[in-house]
Amino acid sequence: MKGTQTSSQSRVGAWTAMIVGSLYFLIPLIATFEFSLRMRRGTYSFDAYQVVLSDPRFQASFGYSILMALLTIVVGVLLVVPTAYWVQLRLPKLRGIVEFITLLPLVVPAIVIVFGYLRIYNSSSILPLTSNERATDLLLVFGYVTLSLPYMYRAVDAGLRAVDIRSLTEAAECLGANWPTILFKVIFPNIRSGILSGAFLTFAVVIGEFTLASLLDRPAFGPYLQLIGANRAYEPSALAIIAFAVTWASMGLIQVFGSARTLAAQKP
Amino acid sequence: MSASSEAGPGGQADRLVPSVLQPAPKVDGPGRASPIWTWIGVMPFFIFALLFLILPTGFLMVGAFQDAQGHFTFANMRELLQENTLDAYWISFKVSAASALGGALFGSLLAWAAVHGKLPGWIRPTLLTFSGVASNFAGVPLAFAFICTLGRVGLVTVLLKKYADINLYSTGFSILSFSGLTLTYLYFQIPLMVLIITPALDGLKREWREACDCLGGTAYQYWRYVALPVLWPSVLGATLLLFANSFGAVATAYALTGSSLNIVTILLYAQIRGDVLHNQNLGYALALGMILVTGLSNGGYIWLRSRAERGRR
């Protein structure tokens, strides 16, 4: 960047950076896609996708991970929205500590968190959450809620700051609404786009998550990916493309809802 | 895409990089509910955090200083200093540092090009959206993608051999090695840097450059006395965040190298799976070491971020 004396030089530098960057980011995607088409010898075909999509283990693990992601979103929203709302309305002095806690999952690596779970919730403890499969599913959901806390809290908190929750609450109280009504009929609809972006980000994080699912020994999509990767040649690349598409879709939906919010805000 | 061009960038980065340091708006509660009820409202959150975040982590931290019978000991700490574990920390450190520095450098360049490079308007929102996707595209699928690209029969390896007559693997390169892992980590580190640093670059006003030019300043002087003093806390802080980000990563490395590369997360993973378990409390010590490293670098990030925000006011 030293040679940016004139604007044309700086533009050349900027284009170079963009082109080199695009190459680095696009080549692996192209290579993966190309590889996924090579299953049938001598010609390109979608055989690998067919094999993957018709694999009952793919369907089972993908379905399982979608279910876990949805449960994570529901539990996460029910936990985060009332807390963030309440902190902003009544306990602003707790904001610092609550934000600090929601940031902790970025500090403590997932593998450490799950290690702690395995030690605390083993079958001989007071709360034996790893003793049967349903309980372990529950522990996995709670673990995912923990991992997604930074994203969910941040998205919801930003949504809450954009609306005047105090006036909304007082207006609802004057009209005789009770707390559940205020939360579900007044607050939730007003911060819908914040909740949705938190939800899609959570979905993207949970759907291919490997560490927690693998160490809690649950049949999720992440461990399935790893298993196929260790044993097959062409299927992994097809799966990587599918996973990329899912991530892309989640992020795209955030943009869609984000821009819907901006458009709505621009209206007089 | 175009509709989101204004909303997308900042919002995206904000969502991905939580800030503890935004000024808290003063909202005084009406105070009609009794104090006990006020506190009950946040109880579910604190109980959840205690059960699924603080107690599990605290249990390991205490366990790191105990022997199998629960007596206090420093033996696990001493075992951490053994060659094998030190080696693992050192490789983890090298991979994380290399991918953090590389990610910070290339991420800043890309973000700079998009913000101040006078490129067409569609580039910036496209870059930020793609960064949002790529920074979340980690783990097992990312490992597959790089095996398809730079593995022994990967597209780039094959094309290089065929057209440029370069045998990548005879140069000592391997996707399963330190350099391969670093190159793979960059795929999510660079986009993360772009997302974090773009708001900071936005704060660098065009007028400053013009003022510097008018006063006869050179490009070097602009960077030395204007841009870098404003930017360095953000850049350094973001680099620390990137470091912590790759230090704790498991899935990418595991899917890429199996257990052949001796990094801390894979060592801990193997310990937990019971592959090499001789001493459970040593596992706790490994975990404690990781928390210390990621905690320190994240702490540095938060501190530098607060400096950067004070500087902007």
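1. Helix α6(A) bends by about 60° at A:S148, and within four residues a proline, A:P150, follows. The bend at a residue is the angle between axes fitted to the seven residues ending there and the seven starting there. Helices (H or I, at least four residues) and strands (E, at least two) are DSSP runs, numbered from the N terminus.

2. The model is predicted: local features need pLDDT of at least 70, side-chain atom pairs count only at pLDDT 80 or more, and totals for chains, interfaces and linings use all residues. Residues are numbered from 1 along each chain as its sequence is written, while chains are lettered from A and ligands numbered from 1 in the order in which they are written.

3. How far apart are the end C-alpha atoms of helix α6 (residues 133-162) of chain A? They are 41 Å apart, which agrees with the 44 Å that its 30 residues should span at 1.5 Å a residue. The expected span of a helix is 1.5 Å times one less than its number of residues. Of the 30 residues of α6(A), 22 are buried, so this helix is largely enclosed by the rest of the structure. A residue is buried if 20 or more other C-beta atoms lie within 10 Å of its own, exposed if 12 or fewer, and partly exposed in between, with C-beta atoms placed from the backbone.

4. Helix α11 (residues 219-247) of chain B has 29 residues and would span 42 Å if straight, but its end C-alpha atoms span only 36 Å. α11(B) bends by about 55° at B:L228, with a proline, B:P229, following within four residues.

5. In chain A, helix α7 (residues 165-174) packs on helix α8 (residues 179-190) at an angle of about 145°, and their axes are 11 Å apart. Axes here are lines fitted to C-alpha atoms, for helices over the stretch in contact, and angles run from 0 to 180 degrees between N-to-C directions. The contact joins A:I165, A:L168, A:T169 and A:A172 of α7(A) to A:T181, A:I182, A:V186, A:I187 and A:N190 of α8(A). By class it has six nonpolar, three polar and no charged residues. Ala, Val, Leu, Ile, Met, Phe, Trp, Tyr, Cys and Pro count as nonpolar, Asp, Glu, Lys and Arg as charged, and the others, Gly among them, as polar.

6. Chain A has 12 helices and zero strands, and its C-alpha trace spans about 75 × 70 × 35 Å along its principal axes. Buried residues make up 50% of its 268 residues. Among contacts in chain A between residues at least 6 apart in sequence, 73% join residues at least 24 apart. Two residues are in contact if their C-beta atoms, placed from the backbone, lie within 7 Å.

7. Chain B has 14 helices and zero strands. Of its 313 residues, 44% count as buried. Among contacts in chain B between residues at least 6 apart in sequence, 79% join residues at least 24 apart.

8. Where is B:G258 found? It is in the loop between α12 (251-257) and α13 (264-273) of chain B. B:G258 counts as partly exposed because it has 13 C-beta neighbours inside 10 Å. B:G258 and B:N245 are 13 residues apart in sequence and 20 Å apart in space, C-alpha to C-alpha.

9. The contact between the chains takes 89 residues from chain A and 73 residues from chain B. On the side of chain A that touches chain B, the largest share, 15 residues, comes from helix α1 (residues 7-36) of chain A. The residues of that side divide into 55 nonpolar, 24 polar and 10 charged.
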